[in-house]
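Walk through this model with the coordinates open.

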Amino acid sequence: MRLSKTLLPTLKEDPVEAQIVSHKLMLRAGMIRQLGAGIYNWLPLGLRVLRKVENIVRQEMDKAGAQEVLMPAVQPAELWQETGRWEQYGVELLRFKDRGGRDFCFGPTHEEVITDLVRNELRSYKQLPANFYQIQSKFRDEVRPRFGIMRGREFLMKDAYSYDLDQESLDNSYDLMFKAYQNIFKSCGLSFRAVEADTGAIGGSDSHEFHVLAESGEDAIASCNSCDYAANLEKAEAGTPKAIPSPTKEQMQKIATPEAKTIDEVSEFFTVTPDKTVKSLLVKTDEGPFMLLLRGDHELNEIKASNFLDGNNFSLLEPEEVKNITGVSVGSLGPVGAKLPVIADLSLANNSGFICGANEDGYHLTGVNWERDLPKPKFADLRNVQVGDSCSRCGSGTLRLDRGIEVGHVFKLGDKYTKSMGMTVLNQLGREQTPLMGCYGIGVSRIVAAAIEQNHDDNGIVWPISLAPFHVEILLINPKEEAAANLANDIYKQLQDSGLEPLLDDRNERIGVKFKDADLIGAPIRVVIGGRGIKEGAVEVQSRVDGSSEKVVLDKVAELLINRAKNLLSV
């Protein structure tokens, strides 16, 4: 591609609306332009990268035996009503009516559509296992779209759906997709981590997320320094303390604490660290209110708590609601004498002599022991893990926290959708059987942004060669110098003929502009061609990755560029 004939509207400064690196650089490099909130046009440079991600995904999915289909983006409400998700999905589902008054949505995902398709086409166990995928635009009406492509409303996604006759077969399908995902992210040149995850609104049992590791990641992921355990913060479990301290002999006392309401204030008042205190939180579900107990230095994990309580419409109670139910302000709430069901975090199972609210405004209790001063409650994993927590799997390692960008998610859905939609096949005995389903999603457009977050420097993007819009950029210093222009055109043609993708900057621009744009665009290899180099019989070949450069004699330039690029592509 010749830059003089290409739409590449680069920007010198960071756009004010962009907050994260990928959004800034995608706008500055002329890859995208915003059409509306969370909705973007992909310009030629950006589309080249997007298509490369798409091709890598397609190759690995085909290799794993999945079959590509294409389903409508617009879906009738009737299918979503069959599974109950029309009412459950929430405000992110863009609902609308056609001119006949019929309800539709713009698909954020396609479990219902694919299951409707296969229930009409698959009749026998002989047609299973089957896996169907598509690469298609999705729309989720984000309340607050931000970070450019990273959290837009319209995005390109690969979604796949497997159907199996039994659990063993589903496990095999899941493993195939897990390995395919590993291959996809390796082929994209990304540093990533697969972590255990909560299934969320889609439902199902086993689930893993794939995260590109980056400081700007929205998600916290925990991993063990001794074994291969890793999970996102919503799912991560800490090991419980093994040592059982003896109950304190100190008697429980009620102490006036008129100015101490928060954990920090209570800790300061009693001259203790927050882990010696217990905080009480009130939550509500369809089953009614519950009191949850956590150590003072821990944070509630609402997803874990909601899953444990099996509670639809789970939420924390506001201070006014707490006061109305208990007659006590939040800062003085405690479990001793509580009239509500009490659930305590596992980290409190062996605690003794702790400090908690006295259920009387302006007072706290000290020296509280289980069984002596209050009954032992139910215990459950309710909290977010912290750096240094022991590993729940191996017991010998400790947990660390990293930031990640979720780019893929795989689920074992079981019969959640096949059963509700009445999909059956005839098994080996000629009886109708409900297949089990898996779901496998990859954010194709999000991978582009995640790759930039992981591969950039102060000057611009540093693409892995598998995703680079161009393998080699040829900087022609002065297009009017005939000898230099002829050499540049000759190298350009040889690179094309070898199957590589070169970019020739043949614009009538200052060399400083060309160098800045080259850094911004981030082609892995660059060759600089000018009249001085022609006279000296050598030109400069540069690496965008490490900044190294070397002089190469004119008749060896094309051969070196081809070999270097192909060596990078083969890694």
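**A loop arginine**

Arg383 sits in the loop between strand 20 (378-380) and strand 21 (399-414); strands are DSSP E runs of at least two residues, helices H or I runs of at least four, numbered from the N terminus. The model is predicted: local features need pLDDT of at least 70, side-chain atom pairs count only at pLDDT 80 or more, and totals for chains, interfaces and linings use all residues. Residues are numbered from 1 along each chain as its sequence is written, and side-chain values use heavy atoms, without hydrogens and water.

Is Arg383 buried or exposed? Arg383 is buried, at 7% relative accessible area (buried is under 20%, exposed over 50%, partly exposed in between, with a 1.4 Å probe and protein chains only). Leu300 is 83 residues away in sequence, yet the C-alpha atoms are 4.6 Å apart.

Five strands form an open sheet in the order 28-27-29-30-31, with mixed pairing (pairing takes at least two DSSP bridges). Strand 28 (502-505) and strand 31 (549-553) are the edges, each pairing on one side only. Strand 29 (residues 525-529) and strand 30 (residues 538-543) run antiparallel, joined by four bridges. Val527 stands opposite Val541 in strand 30.

**Two helices in contact**

Val21, Ser22, Leu25 and Met26 in helix 1 meet Val448, Ala449, Ile452 and Glu453 in helix 11 (contact means heavy atoms within 4.5 Å). Helix 1 and helix 11 are roughly perpendicular to each other (65 to 115 degrees; under 35 is roughly parallel, over 145 roughly antiparallel, the rest oblique).
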